[in-house]
Amino acid sequence: MRVVFLAPAYPPEMIQYTRGLAEVGAEVYGVGDQPQSSLPAQVKQHLHDYLQVPRIMDEDDVIARVTAWLRGRNIDRVLANWEVLVQLAARLRERFGVPGMTPDVVRGFRDKELMKERLRTAGLRVPRSRRASTEAAVRAAVEEIGYPIILKPIAGAGSADTYCIRDAAGLEETLPKLRSVPEVSCEEYVEGEEFTFDTVCIAGKPAYENICQYLPKPIEARSLEWVSPIVITVRDMYQARLQPGIELGRKVLTALQMGDGFTHMEWFLTPRGEAIFGEIGCRPGGAHLVDQMNYTSDIDLFREWARVVCWNKFEAPVERKYNTAIIFKRAQGHGRITRIEGLGDWLREARQWAVEERLLRPGTQRRNWKQTLLSDGHLMVRHPDWDEAKRLSFAAATGIRLYAG
Ligand SMILES: Nc1ncnc2c1ncn2[C@@H]1O[C@H](COP(=O)(O)OP(=O)(O)OP(=O)(O)O)[C@@H](O)[C@H]1O
Ligand SMILES: [Mg+2]
């Protein structure tokens, strides 16, 4: 089993997928823009070969270089788990006649308007929306859809440049900020709680499923710096209240012709109990979501994903033992972290339920909270009881404080 895996060491969790592939018996051919000599040892030991390319996002250039590099060797899979490379992987598959999702199928997971058009055609509930590449087109969409309205890039990630607009004044304020975005999606604002639906699929059917709740919703977590965003896996994900989201999620996978691998969907649960589609990617959720799912069932999804994409088998137990929460912290002030307060008390309270503590240490430069959900580090806590998991996460959100200056 020869596998080309794009960006085997970046973002850092890709190192785990590379390991997973090697552990299920694949020969891993890595392609990335880091020099081979600077790859971490944990990834080097699992690579059969590596091609350094000057620009990993330059699709035509990478295709030409990989073609020359692989001449004379047969390849069985071309894979990527990083959002910005899933289309390149599909083009390489097409080029080499390797099985897997085609570029057209992958476009349905990358282009937010196309994905909604395809789902609407399949009769699924998606927000009303229009694509717009000029100010005039945005105004026309607002006329049609009304306020409140969401404006966001067609191929966005990380809630960057996503705006909720409530009136005409808000629209005038926001339009100049979107000038650098070539094409935007204009969407009906959906009221409700926000969840994920995550899977590892074999031929579009989930071999593994997960639901997380966002507290608060990403758009709020993204706009208020004082918030400590929390994401919790829901142990009891098959409860009646969440059933509409699971049904929607499974239908979305079929409608978009999902193949093998991870998916990460976001959806809304309205006050009336209806599930409405948000967006989906054909790759795992980022920001340690896969670690959270692993802690939820004490499994290794990095390896199970590899087993699925190589051998179409999923062998981990799917019993859910815990609700696993991640709490992202943001320091008050600018520059370097100076001190952390309340951590000792919280760790004593959380006892064995605290599973990770990765706050940035005093002396470290703050991260840009607008650019990365990872912010200034995180805590992870799990508990079999939902209310207790939530209580411990809110205690970390409010009781632990980081200062910078
Ligand atoms: N139609 C909508 N109604 C209500 N809220 C929305 C809508 N569209 C987006 N949002 C809010 O904005 C957030 C970001 O939107 P979306 O997930 O589409 O963009 P993104 O840039 O891919 O974000 P991320 O990478 O963080 O998932 C959503 O998680 C949600 O909180
Ligand atoms: Mg999103």
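Which residue in E12 is the bridge partner of Tyr214? It's Val231, and I'll come back to that strand in a minute.

Quick housekeeping. This is a predicted model, so local features need pLDDT of at least 70, side-chain atom pairs count only at pLDDT 80 or more, and totals for chains, interfaces and linings use all residues. Residues are numbered from 1 along each chain as its sequence is written, while chains are lettered from A and ligands numbered from 1 in the order in which they are written.

Okay, the overall layout. The domain assignment, automatic or from a database, gives domain 1 (2-100), domain 2 (106-119 + 191-321), domain 3 (128-188) and domain 4 (325-405). Taken over C-alpha atoms, the centres of domain 3 and domain 4 are 33 Å apart.

Back to strand E12, residues 230-233. Helices (H or I, at least four residues) and strands (E, at least two) are DSSP runs here, numbered from the N terminus. Two strands pair if DSSP finds at least two bridges between them. E12 pairs antiparallel with strand E11 (residues 212-215) over four bridges. Three bridges join E12 to strand E15 (residues 323-328), also antiparallel, and there Ile232 has Ala325 as its bridge partner.

What about the faces? In a regular strand the side chains alternate between the two faces of the sheet. In E12 both faces are covered: Ile230 and Ile232 are buried on one side, Val231 and Thr233 on the other. Buried means 20 or more other C-beta atoms within 10 Å of the residue's own, exposed means 12 or fewer, partly exposed is in between, and C-beta atoms are placed from the backbone.

Now the other sheet I wanted to show. Four strands make an open sheet, in the order E5-E8-E6-E7, with antiparallel pairing. E5 and strand E7 (163-165) are the edge strands, each pairing on one side only. On average, neighbouring strands are turned by 25 degrees against each other, direction ignored; the axes are lines fitted to C-alpha atoms, for helices over the stretch in contact, with angles from 0 to 180 degrees between N-to-C directions. Strand E6 (residues 149-153) and E8 pair over five bridges, and Leu151 stands opposite Cys186 in E8.

Next, helix H6, residues 112-121. Lys112, Met115, Lys116, Arg118 and Leu119 are buried. What do they pack against? Helix H5 (103-110), strand E5 (129-132), strand E8 (184-188), helix H10 (243-255) and strand E14 (275-281). After H6 comes Gly123, with a positive phi near 85 degrees.

On to the cores. A nonpolar core is a set of buried Ala, Val, Leu, Ile, Met, Phe, Trp, Tyr and Cys residues joined through C-beta atoms within 7 Å. The largest has 93 residues, and Ala80, Leu85, Ala89 and Trp305 have the most contacts inside it. Its largest share, six residues, comes from helix H12 (residues 301-311). Apart from it lies another core of eight residues, including Ala132, Ala141, Ile165 and Cys186.

Last one: Tyr29, in strand E2 (residues 27-32). Tyr29 counts as buried because it has 23 C-beta neighbours inside 10 Å. Leaving aside neighbours within four places in sequence, Tyr29 is in contact (C-beta atoms, placed from the backbone, within 7 Å) with Arg2, Val3, Val4, His48 and Asp49.

Terms used. Contact = placed C-beta atoms within 7 Å.
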